[in-house]
Amino acid sequence: MMAEERYYKHDGFERFTHWTHTLDTVILVLSGMQIHYPGFSVFGAMQNARFLHLVSAYIFVAIGVYHTYIFFALGKHRIAMPGLFDFSEVGPVLKYYLHISREKPAVEKYNVMQKYGYFLPGVFSFVFAIFGDAVQIRIWHTTIMWLFISFTALHVYLVVTEDKRMIRAMVDGYYYLKAGEVK
């Protein structure tokens, strides 16, 4: 039996906010679907769906604000935000995820695609200044929901196909490597 090394990958804060955010996003999507498509009744009366949607939206924003504060207050941004020279790592990471290369790029905690992913919502923030009437806002709101669903599907796919030990790390915080294996 090969010796394993134990690495602390995700602290309790990260795991709690990750799973709380996950559950909250499911409630947001389901209640939003019921509001948008009244025949899709998950929460009973429409007032239940609207109430849950509003409460979940506040929880979603609160977790995001709290996560952002902790991200900077605890210095996590130093390993999670992209640097000037990280862009050169995009090619090897894409080749690995697209199954062009079997060589897994070595990373400290996050690969370059994960680091640049933090900036995607901010890149499109100017769009909110362009919103017009309620109909346009509803269209954007629904579009953003489908983007969240697409992101979640991609995220789950990458986690499940990458390494089952990553799932365990998000549950108990630890990642186990066989001796000599790349992180």
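Student: Why are H1 and H8 called roughly perpendicular to each other?

Tutor: Helix H1 (residues 12–36) and helix H8 (residues 164–172) pack at an angle of about 105 degrees. Angles of 65 to 115 degrees count as roughly perpendicular, and H1 and H8 are therefore described in that way. The axes are lines fitted to C-alpha atoms over the stretch in contact, and angles run from 0 to 180 degrees between N-to-C directions. This is a predicted model: local features need pLDDT of at least 70, and side-chain atom pairs count only at pLDDT 80 or more, while totals for chains, interfaces and linings use all residues. Residues are numbered from 1 along each chain, and side-chain values use heavy atoms, without hydrogens and water.

Student: Which residues of H1 meet H8?

Tutor: Glu-14, Arg-15, His-18 and Trp-19 in H1 meet Ala-169, Met-170, Val-171 and Asp-172 in H8, where contact means heavy atoms within 4.5 Å.

Student: What makes the pair Asp-172 and Arg-168 a salt bridge?

Tutor: A salt bridge requires a side-chain nitrogen of Lys or Arg within 4 Å of a carboxyl oxygen of Asp or Glu. The N to O value here is 3.2 Å, so the pair qualifies. Both residues lie in H8, four residues apart, about one turn of the helix. A search of the whole structure finds one salt bridge.

Technical notes
Helix = DSSP H or I, 4+ residues; strand = E, 2+ residues; numbered from the N terminus. Parallel < 35°, antiparallel > 145°, perpendicular 65-115°, else oblique.
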